[in-house]
Every structure is written in C-alpha cells, then in structure tokens.
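Please read this briefing alongside the sequence and the 3D view. The points are grouped by topic.

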There are 2 protein chains.
Amino acid sequence: MAKRAYPLGKVYALLEPGPVLLLATAGQDRPNVMTLSWQMPMEFEPPRVGIVLSDRDYSHGLLKASRECSLNIPTAELIDQVVAVGNCSGRDTDKFRACGLTPRPARLVAAPLVRECYASLECRVADTRMVNRYGLFVLEVVQAWVDTAVKAPRTLHHRGRGVFMVAGEVIRTASRMQ
Amino acid sequence: MAKRAYPLGKVYALLEPGPVLLLATAGQDRPNVMTLSWQMPMEFEPPRVGIVLSDRDYSHGLLKASRECSLNIPTAELIDQVVAVGNCSGRDTDKFRACGLTPRPARLVAAPLVRECYASLECRVADTRMVNRYGLFVLEVVQAWVDTAVKAPRTLHHRGRGVFMVAGEVIRTASRMQ
C-alpha cells in the first residue's frame, strides 16, 4: 500500500462511516493488533476519536500503559486476516505473524502501522478519565496516512457474530453537513 | 414500517456498522429531529450508546433538558429526507413536517419515534459528565423496535460533505467476535 500523509482535518470522514478497525499497540516483547468496531469521531480538528475496549482485551492494558496506538482501516480483501485477528489473543500469540499482517514503523508513535491497510492513523491517548467506568479511551490523531488511489474503499462493517457488511454504492447529495 | 419489540441484547449490532441515525427529541412546542453519525455502542446489555452532538445543534439543548431521545435508523430510500433534515434547523422549522417524516409515540420516553425508519431505539440519558467537554452523551437504550422483515438493511453511512455509502454485500464468517 502506497500511503501518503493525509490532512488531519479530513480524518473524521474515514471513521464516520463506521468501518472495522485494526488497532495496533507496541508491546513489551512484540507488537499486538486487535479488531475494533466501537469507535466514533469526537472532533474535527485536531481529530479526536473515541474507542471502547473491554478490559478483558489484551490490548486494553497495552494501550493504558503505552498511551499510543495506531488505527488501521482494512478493506474486504483482508477479511480472512481480520477474522483471524479477532479469533486469537496477543497474550499467547504473535498476532501480526500468525494472521499474515506486517507491522511497519510509524512516524510519531511507538505503535506500529499495519502495512496491508489502506489507511493508518497514528494516535495518542488524550483522556483516560472514562477508561475505568466505560473502557472509553479518547484518542487524538497526530498523523494520518492514506492510499489515496483507493477512491471507494470496500471497508468492512461488523453486524455482530461474524457477519460483515461491505461498503457498497456511493450517493453524492447536496447535503451541507460537514 | 411494521416494527416489533426487539431484544435489547442485540441492539449493539444495529449500531456497530456505523449507520447514519435520525435523533428525535420532544421539544417545548413540537418534536425535533436531526441527523447524527458520531455514535458507537459502549455496552452490550443493558445497551449503552455514546453520541457526540455539537452544542451548536438545536437538539443538544433539547436532549440536555429532556434527557430522552430516540435513535432511528433510515435506509437508502430515505436519502432525500435525511439530507433535508441535515440542511435545516429546528430553531425555525418544524423539521418532521418540512422533511416528510412522521413522529409516532414511543412506549417509554416522551421523544417521538420516526415511523419511516426500519429501526427505532428509545433512549434515556445515562451520563452527562462528558457533555460540556466533548458533547458526549451516554445513552441507555430502554426499548427497541425493528422491522425484522428487513433482512439486509441498506443503511446510509456518511463519508463527509454529503457523500453517503450504502450498505452493500454481506459476508458471513467463522469469527467468534460478539
């Protein structure tokens, strides 16, 4: 994927349609990666993103400790890797290796980026006050990378219990919504 | 739309794919409705949902005052109504009437449901501590209604600036993710 630096002010629009994400963290011994769907934009610029992680997820502790992660957006051709990532734990597995994904160095954070994804967002944890109660981390996106050759990304959207919807037809309207 | 009572434990899966929502509130003189895409599940059961509303949105004040709303999920045939709702304000407009939508009484909350939507969730505000800082309301869904005849809802997903993606192909996998 030939990703280029992408304007931070446009990041919300990558997340707003609700794609499944791959969240990557730096670990003590090796990096880790998990699937994540409970995410939403919270601010346009600087871009803030809310994510909810169960404290049973291995990445929850890694994110709390390192305070950095990357959010990576896979497309439909990565469905097998996404399912594989969701079906094992970083506690006992090198998930990047086991699931056929490639960690790449980020620019501003220690967490790796996922090379195979068409978009990658480098994030720092901006607020942990809702972590204990809700598992809610507020992230700030500090650097974004997008393969802008991908015009209509066939993102994956989880409908629960392993059923995914793939992004379909595009409608352009005269909406004045940002 | 022939909507029926729907199990609360399955509500997260309606929201997790990231559809555009119509948020309806009871107003002093008339009900109001707005479009909303910054939403995510926060808990399976009882279902909690996080939503972010700008304090410039008229509904922000109505929700803060009434502490109740409905979240309604439109499908692609409602694109004109969704765009119309996004392009006017309840400050000076009866948006239900102006946009061709029908308010229907809810069971447990004073906010109306949107009849034309295939799913409607009755919600109470559960936590306002992040409203001033982030515009984040934590809602609890107390009653859900779904037209279960709609098997693969062609939901709308906003990519920013009036560009919508329509839910496409479905992939069933052996994922063990909930």
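β12(A) pairs with strand β12 (residues 163-172) of chain B in the antiparallel sense, over 7 bridges. Strands pair if DSSP finds at least two bridges between them; strands (E, at least two residues) and helices (H or I, at least four) are DSSP runs, numbered from the N terminus. Within this pairing, A:Phe164 stands opposite B:Ile171 in β12(B). The model is predicted: local features need pLDDT of at least 70 and side-chain atom pairs count only at pLDDT 80 or more, while totals for chains, interfaces and linings use all residues. Residues are numbered from 1 along each chain as its sequence is written, chains are lettered from A and ligands numbered from 1 in the order written, and side-chain values use heavy atoms, leaving out hydrogens and water.

**Interface of chain A and chain B**

- In chain A, 57 residues are in contact with 57 residues of chain B, where contact means heavy atoms within 4.5 Å.
- The two chains bury about 5200 Å² between them, and 58% of that is on carbon and sulfur atoms; buried area is the accessible area (1.4 Å probe) that two parts lose on being put together, summed over both.
- On the chain A side, A:Trp38, A:Arg159 and A:Met177 lose the most area to chain B, together 16% of what that side buries.
- The rule finds 27 residue pairs in polar contact across the interface, both residues at pLDDT 80 or more.
- A polar contact is a pair of N or O atoms within 3.5 Å; within protein, one must be able to donate a hydrogen and the other to accept it, and residues adjacent in sequence count only if both atoms are side-chain atoms.
- Elements of chain A that each supply at least two residues to the side touching chain B include α1 (12-15), β4 (39-43), α3 (79-86) and β10 (136-146).
- β12(A) gives the most to that side, with 10 residues.
- The chain A side divides into 29 nonpolar, 16 polar and 12 charged residues. Ala, Val, Leu, Ile, Met, Phe, Trp, Tyr, Cys and Pro count as nonpolar, Asp, Glu, Lys and Arg as charged, and the others, Gly among them, as polar.

**Salt bridges between the chains**

- The rule finds 2 salt bridges across the interface, a salt bridge being a side-chain nitrogen of Lys or Arg within 4 Å of a carboxyl oxygen of Asp or Glu.
- A:Arg154 meets B:Glu169 in a salt bridge at 3.0 Å, N to O.
- A:Glu169 forms a salt bridge with B:Arg154, with the closest N and O atoms 3.0 Å apart.
- This pair crosses from A:Glu169 in strand β12 of chain A to B:Arg154 in the loop between β10 (136-146) and β11 (156-158) of chain B.
- A:Glu169 is partly exposed at 46% relative accessible area, and B:Arg154 is partly exposed at 39%; buried means under 20%, exposed over 50%, and partly exposed in between (1.4 Å probe, protein chains only).

**Salt bridges within chain A**

- Over all chains, the structure holds 8 salt bridges.
- A:Glu68 and A:Arg124 meet in a salt bridge at 3.7 Å, N to O.
- This pair links distant parts of the chain, A:Glu68 in strand β6 (residues 68-73) and A:Arg124 in strand β9 (residues 119-127), 56 residues apart.
- A:Glu68 counts as buried at 18% relative accessibility, whereas A:Arg124 is partly exposed at 36%.
- A:Arg48 and A:Glu43 meet in a salt bridge at 3.9 Å, N to O.

**Helix α2 of chain B**

- In helix α2 (residues 58-66) of chain B, B:Ser59, B:His60, B:Leu62 and B:Leu63 are buried.
- B:Arg67 follows α2(B) and has a positive phi, near 60°.
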